[in-house]
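Welcome, and please open the structure in your viewer.

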Amino acid sequence: MRGWLAALAFLAASLVGPATAQPYPNRPIKLIVPFPPGGPVDVMARLVAQRLSQNFAPIIIDNRPGAGGTIGAKSAAGADPDGYTLLFGSSTTLAASPALYKNLGYDPIASFAPVAMISSVPFALVVAPAFPARSAQELVAYAKRNPGKLNFGAPTGTLPHLTAEMFRSAAAIDIVHIPYRGAANAITDMLTGQIDMAFEPTSVLLGHIGDGKMRALAVTGATRSAELADVPTMIESGFPGFVSLSWSGIVAPAGTPSEIVRTLNAAVNAAIGAADARQSLAKLGAEPKAGTTEEFAALLAAEAPKWAAVVKAAGIKIE
C-alpha cells in the first residue's frame, strides 16, 4: 500500500508540477534608473519601459540617484538574479564611474550579466564662432602656439570631461579644465565666450550648431553623425581610435539564468526596433543599437579599462 501511495504521489507531482510552473516573466519587472527623474537617461529608460510594458511585461521604474549613478548600480548588483530586477546602465555607471569612485560595491564586468544595448550618442568637439580654428588639427596647432591659454568646460568626472582629457593626451597639448556643476552652464558660458571649447553630446548641440552659435570641428563616433554629415570624425581628423560615445543598455545581476537573459534580449531588441520607438529615440538624439548580449559584453569589456586609463593619466579624483 505504501509503495502504491508513493507511486500515486509521484504521478501527481509530475502532472501538477509543469502545470503550475509559470514561464518568465509572470510578474512586474523593476528597472533601476540610477539618475533622477526627468533627466536624459531617465527619459530614455521610460521610453523603453513603456514599450516593454505593452508587449512583454509590466516594467516599474525605480529611480535611485546619487554618486554618479553608483548607488543605483550597487543596488541592482546585489539584487536576486531572477530577471525581475534590472539596471538601466550607461557609459557613466558601467565605464566612467568605476574608474572615478573607490569602494563602489560592484564591478562593472563581474557584477552584471549584459542583456542588451539600447542606444549611443557621439560627442561633438565645438568652439565659439569667433574662435580661429576650423578643424581639430587647427585647434591643436593653436593650442601648441598658446600653451595653457586654451580652456574647456565640463562637470568633473563626466564623459565630456574624460573625452576632453583623452583629446588632451592624444594631441599632446596643454589645455585647462574649467569645472562646472552641470553641462547646461558650460554650454551657456561657451555661447557667451567664457570658455573656448567643449565636448558635449550631439543631441544637445544640434540647435546651437544649426543656428551658427557654435562651430563643430569633429564628432567622436566611429563614423560620421547623420545629423552632422559634413563634420569629420576625430579619427578622420588624425586621431586613430579616438571614439567616445554616451551609450546606454540594460544589465541584470550576475548569475541571472542565460535563458532569461536571452528572453530579455529579444524583448528589448523588439522594443527599440519598432518604428515609433526608433523615432522617439531619434528625437532624443540617440541611435538605437539593437544587438546580441555578446556584442554588449564586448563593449563593456573595452570601455571600462579605456576610461580607467584616461582617469589615471589625467589624475582625476572625485572627493
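A residue counts as buried when its relative accessible area is under 20%, as exposed when it is over 50%, and as partly exposed in between, using a 1.4 Å probe and protein chains only. You are looking at a predicted model, in which local features need pLDDT of at least 70 and side-chain atom pairs count only at pLDDT 80 or more, while totals for chains, interfaces and linings use all residues. Residues are numbered from 1 along each chain as its sequence is written, and side-chain values use heavy atoms, with hydrogens and water left out.

**The whole chain**

Begin with everything shown. Eleven helices and ten strands make up the secondary structure of the chain; helices (H or I, at least four residues) and strands (E, at least two) are DSSP runs, numbered from the N terminus. Along the principal axes, the C-alpha atoms fill a box of roughly 100 × 40 × 30 Å. Of the 319 residues, 48% count as buried. Contact here means heavy atoms within 4.5 Å. Among contacts between residues at least 6 apart in sequence, 76% join residues at least 24 apart.

**Select residues 91-100**

This is helix α4. How many of the ten residues of α4 are buried? Seven are, so the helix is largely enclosed by the rest of the structure. Colour the buried ones: Ser-91, Thr-93, Leu-94, Ala-95, Ala-96, Ser-97 and Leu-100. They pack against α3 (70-77), β3 (85-90), β4 (112-127), α6 (159-171), β9 (245-253) and α11.

Now pick Leu-94, which lies in α4. Leu-94 counts as buried because its relative accessibility is 0%. Leaving aside neighbours within four places in sequence, Leu-94 is in contact with Leu-87, Gly-89, Pro-108, Phe-112, Trp-247, Val-251, Leu-300 and Ala-304.

Which residue has its backbone oxygen 2.9 Å from a polar atom of the side chain of Ser-97? It is Gly-68. Such a polar contact is a pair of N or O atoms within 3.5 Å; within protein, one must be able to donate a hydrogen and the other to accept it, and residues adjacent in sequence count only if both atoms are side-chain atoms. Leaving aside neighbours within four places in sequence, Ser-97 is in contact with Gly-68, Thr-70, Thr-92 and Leu-104.

Helix α11 now joins α4 on screen, and the two pack at an angle of about 35°, with their axes 8 Å apart. Axes are lines fitted to C-alpha atoms, for helices over the stretch in contact, and angles run from 0 to 180 degrees between N-to-C directions. From α4, Leu-94, Ala-95, Ala-96, Ala-99 and Leu-100 meet Leu-300, Glu-303, Ala-304, Trp-307, Ala-308 and Val-311 of α11.

**Select residues 40-55 and 275-283**

These are helices α2 and α10, which pack at an angle of about 175° with their axes 11 Å apart. That makes α2 roughly antiparallel to α10 (angles under 35 degrees count as roughly parallel, over 145 as roughly antiparallel, 65 to 115 as roughly perpendicular and the rest as oblique). Met-44, Leu-47 and Arg-51 of α2 make the contact with Asp-276, Ala-277, Ser-280 and Leu-281 of α10.

**Select Asn-151**

Asn-151 lies in strand β5 (residues 150-154). Its relative accessibility is 15%, so Asn-151 counts as buried. A polar atom of its side chain lies 2.8 Å from the backbone nitrogen of Asp-196.

**Last stops: the loops**

Most residues other than glycine have a negative phi, and most peptide bonds are trans. Ala-67, in the loop between β2 (59-63) and α3, has a positive phi of about 55° although it is not a glycine. Ala-67 is partly exposed, at 35% relative accessible area. Ala-172 sits in the loop between α6 and β6 (175-179), and its phi is also positive, near 55°. Is Ala-172 buried or exposed? With a relative accessible area of 57%, Ala-172 is exposed. Finish at Pro-25, in the loop between α1 (2-20) and β1 (29-33): the peptide bond from Tyr-24 to Pro-25 is cis, with omega near -5°.
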